[in-house]
Each structure stands twice: as C-alpha cells, then as structure tokens.
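Good morning, and thank you for coming.

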Amino acid sequence: MNRSLKVLSLFMASSLVLAACSSSATPAPSAAASAPAASVPAGTTITVTSLWGGSEQAAFQKVLDAFKAKTGITAVYQAQRTDYATVLQSKITSGSPPDVAIMPGLGFLRQFARSGGIKKISDLGIDPASLTSIYPPGILDPGMVDGNLYGIMVKFNSKSTMWYRPDVFSTDGITVPKTWDDFKAALNALQAKGMQTPLALGAKDSWTLTDWFEEIYLRQAGPDAYKKLFSPAGDWTDPTVTTAINSMLEVLNDKYVVGGIKGALGQGFTDGIAEVFSTSPKAAIYYEGGFVGGIAMGQTNTALVPGTTIDWFGLPTFANGLGSTAAEIGGDEIAALTTNPGVKEFIQYMTSADAGTVWASTGAIISPVKAVASSAYPTVLAKNEAAQVAGASAVVYDGSDTLPAAAPDMGAMLQNAIQGQALAGLLSTFNTGVKAAWANEK
C-alpha cells in the first residue's frame with residue numbers, strides 16, 4: 001500500500017470496530033493533539049476551505065467553534081461548492097491560498113503535493129510518526145505522496161448505504177431488498193401500490209452517478225477488480241464495466257426515477273434527498289453515502305425519526321458477485337497550504353479526539369480517530385454505518401476520487417450513459433483519457 005492506496009485492509013476494518021464501536025473509555029489525547037497554542041499571537045485568524053454547504057457546513061462549523069474555544073484561534077470557513085480544484089489552483093497561483101484545505105480526492109492531493117501547492121505535514125513542525133498511534137493502520141496511507149505525508153484523513157462516510165422510507169415500505173408491505181433482483185422487485189411493488197416513480201436521483205451533481213457505478217461494480221466484480229480499475233492498469237473497455245453500467249440502467253431510467261432522467265439531470269443531490277425525506281415525499285428510495293442521514297435530518301426535515309421515517313440498508317448484492325460483503329468509503333484529507341501561525345495548531349486539533357467527537361456528534365461523519373467513542377454518534381443510523389464499515393470483508397476507497405485530477409469527468413460520461421448514448425464509444429474515449437491522465441501524472 002502506498003500513495004495510490006485504494007483498498008484499505010481488513011486489518012483496518014477490524015481496527016475500526018475498536019474505533020467506532022468500542023464503548024471503552026476515551027484514551028488520553030496524544031501529545032500532538034494537545035499541543036498548546038501559546039506561541040500563536042492573540043487574535044490569530046486562519047482560513048479553511050472545502051466543498052460543504054448547508055447542514056454539512058453547519059456540522060463542520062461546530063468543530064471550528066470548538067477549536068476557537070480551545071485555542072483562541074479563529075478558523076474562518078470558505079465554502080467552494082463548484083470547480084474546487086480549479087479555484088484552489090487559481091488562489092495558489094495568485095499567491096492568496098487559503099491556509100488549510102480539506103480535499104475530497106486523492107487525485108487532487110497528489111496534484112497539489114507534486115506542484116508544491118500544499119505543504120508536507122513535517123513542514124509544519126509535526127512529526128508524522130507522532131500521528132500513527134491516533135489512527136487504525138492504513139488510514140494515513142492515502143495522504144502519502146512519494147513517501148511524504150501531505151494529507152490526513154479527518155472524516156469518512158460509507159458509500160454502501162441505500163436510504164429509504166421505512167414508513168412507506170411498511171404501509172405498502174415492502175420487504176427490505178437484499179439482492180438486486182429483490183431491489184427491482186421492490187421498485188415494481190412500490191409502483192403497483194401507487195408510487196409511480198419510487199426512486200429519487202440528483203444527477204445534476206454527476207458524482208452521484210460515479211457512486212452508483214462504483215457500488216455496483218464493487219459488488220459484481222469484487223474489490224480486487226475494483227482496485228485495478230481505478231489504477232493505472234485499469235481498462236474501462238473491459239466487459240465488466242459495461243455490465244455494471246447496464247445494471248445501473250436497469251433502475252436509473254424514466255420508468256423508476258422521479259421526473260425521468262431529464263428531470264434528474266436538472267436537480268442536485270440535496271433535491272434528490274428531499275424527494276424522499278421531505279414532508280411531502282415523491283419517492284421512497286435514494287442512494288448515496290452515509291452523509292445523507294445528517295443532511296436529511298438536519299436540513300431537509302428535522303421531524304424525521306430513525307427507523308420510522310428514515311433508515312438505510314446495504315447495497316443489494318448480485319448473483320455470483322465477488323464483492324457482496326465489501327464496503328466503499330469516501331474520505332476527506334486535510335492539508336496545509338501555508339505555514340502561517342495557527343495552521344499547525346489547527347491541523348493538530350483536527351487529529352484529536354476532541355475534534356472527532358464534536359464532529360461525530362453531529363451525525364454527519366464517521367471519525368477515523370480511534371479515541372472517538374461509539375457514544376459520540378447521535379443516532380443508530382451513524383452507529384450502524386460505522387459498524388457496516390468495520391464489519392466489511394474489504395473496504396475500498398471512492399474510486400472516482402482516486403483517479404488523477406486531469407482524468408476526464410467520469411460523472412459526465414455516466415450522465416451521457418443514462419441518456420442512452422452508446423456505451424462502447426463512451427468507454428473507449430474515457431479509457432483513452434484516463435490512461436493519458438495516469439501517464440502524465442507526475
């Protein structure tokens with residue numbers, strides 16, 4: 001495992017059992033996490049950027065507020081919801097970067113590390129070796145670029161969660177599906193009960209389609225093939241890719257999706273969440289990661305009750321599938337773009353049990369910090385999400401987030417696929433572009 005790590009080990013999953021599900025007492029914070037901010041001038045302010053808005057931003061703000069209360073340093077959040085890498089590069093080039101960025105993709109991290117846009121963790125005066133005891137084995141590996149630690153995973157979510165309305169399922173006599181055939185049967189049964197389009201989709205945010213593909217591909221082809229596909233050795237013209245996309249198209253179509261494919265392409269992922277979990281639901285099922293629970297309950301409809309009006313089940317399995325018990329996660333890496341006063345202290349704080357506990361208590365994330373106790377998670381939804389990852393036979397990292405930053409837009413390719421464009425041509429062009437991006441990544 002190295003900078004291109006995509007599959008976290010079963011050993012890591014076992015460690016997460018201890019991290020996320022243990023009820024043991026919280027260990028003492030590490031020396032790095034409890035470092036004083038005495039050397040930082042009073043009134044110091046730093047800037048932190050990421051993609052989050054809405055309830056996700058509100059949850060992160062609680063972490064920033066706790067940081068200020070602990071250190072006296074103000075961390076101002078700057079949301080960059082679109083064109084993240086382009087805008088960040090522009091700020092770096094103009095000499096006015098944010099002090100800290102929390103990045104959603106390993107491709108971005110490699111790009112900025114190799115271009116000198118982000119600092120090594122050691123450049124801040126933090127010894128990377130001092131961090132290893134804070135995390136389960138493997139968690140720090142994705143932040144390594146060419147043998148140096150540039151990023152630290154600060155949160156993750158399972159991507160193997162299919163969200164649904166238990167109340168609708170109960171009223172209509174629908175059983176939670178376990179297999180893909182069961183899933184399609186449930187969609188048909190919901191239609192028969194009067195819900196014309198039981199599946200919500202926010203495909204304007206094209207990354208939602210990459211998650212659909214990754215989950216299906218993982219379950220059909222297995223973690224080894226998944227790892228290979230999202231590496232320089234990946235072949236997007238392989239028949240397994242076409243098979244996975246065709247399975248997507250069995251459910252992402254005008255028959256099942258609210259507003260049809262055209263309508264879904266015009267709405268964002270939070271709109272899709274609202275179509276299932278608002279006070280006037282139009283659908284009963286929405287696929288996306290574990291973060292949906294926090295958004296739905298904190299932003300869409302605060303009256304939702306876990307287990308009654310909101311819940312999730314694991315992604316359905318496929319006959320002869322090789323990844324039925326695997327799980328996918330999406331994690332974000334924190335990185336420093338400056339060595340200004342307060343940056344070291346913020347990075348250290350984000351590795352602490354204090355920060356992880358505050359963030360986990362919002363229900364928006366799963367913390368990779370071992371010392372965060374299971375009692376920190378506010379709902380059974382989040383506890384079950386942590387347990388799903390911990391109990392998986394293999395855990396893989398979000399594939400599209402692993403591709404080179406210069407790779408063609410996988411989500412855009414899938415947007416074309418769900419509109420009926422021929423897969424052979426789409427995948428051939430995409431394969432050529434991805435191969436070139438890997439070859440040119442330095």
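**Aromatic pairs, cavities and a pocket**

A search of the whole structure, which is a predicted model, finds 21 aromatic pairs. Let me begin with one of them. The ring centres of Trp52 and Phe60 lie 5.0 Å apart, and their planes meet at 65°; since an angle over 60 degrees counts as edge-to-face, this pair is edge-to-face. Both partners are shielded: Trp52 is buried, with a relative accessible area of 7%, and Phe60 is buried, with a relative accessible area of 0%.

Trp52 also pairs with Tyr77. Here the centres are 6.3 Å apart and the planes stand at 15°, so the pair is stacked. Where do Trp52 and Tyr77 lie? Trp52 is in the loop between strand E2 (45–50) and H2, while Tyr77 is in strand E3 (residues 74–79), so the pair ties together parts that are 25 residues apart in sequence. Both Trp52 and Tyr77 are buried.

Elsewhere, one aromatic cluster is formed by Phe213, Tyr217, Tyr226, Phe230, Trp236 and Phe430.

How many cavities of 30 Å³ or more does the structure hold? It holds two. By type, the lining of the largest cavity comprises six nonpolar residues, one polar and two charged.

The second largest cavity contains about 40 Å³. Its lining is made up of Thr49, Gln80, Tyr84, Val87, Leu88, Lys91 and Pro98, and H3 gives the most to it, with four residues. Four of the lining residues are nonpolar, two are polar and one is charged.

Finally, I come to the largest pocket, which holds about 1400 Å³ of space. Several elements give two or more residues to its lining, among them helix H3 (84–93), strand E7 (152–158) and helix H11 (269–277). The pocket is lined by 39 residues, of which Leu51, Pro104, Phe108, Trp207 and Asp401 lie nearest its centre. The lining divides into 15 nonpolar, twelve polar and twelve charged residues.

How values were computed: Residues are numbered from 1 along each chain as its sequence is written. This is a predicted model: local features need pLDDT of at least 70, side-chain atom pairs count only at pLDDT 80 or more; totals for chains, interfaces and linings use all residues. Side-chain values use heavy atoms; hydrogens and water are left out. On a 1 Å grid over the protein atoms alone, a cavity is a set of points where a 1.4 Å probe fits but cannot get out, and a pocket is an open set with protein on both sides within 12 Å along at least five of seven lines; lining residues have an atom within 4 Å of a point. Grid points are joined across faces, edges and corners, and a volume is the space filled by probe spheres set on the points. Ala, Val, Leu, Ile, Met, Phe, Trp, Tyr, Cys and Pro count as nonpolar, Asp, Glu, Lys and Arg as charged, and the others, Gly among them, as polar. Rings of Phe, Tyr and Trp (its six-membered ring) pair if their centres lie within 6.5 Å; planes under 30 degrees apart count as stacked, over 60 as edge-to-face and the rest as tilted. Buried means under 20% relative accessible area, exposed over 50%, partly exposed in between (1.4 Å probe, protein chains only).
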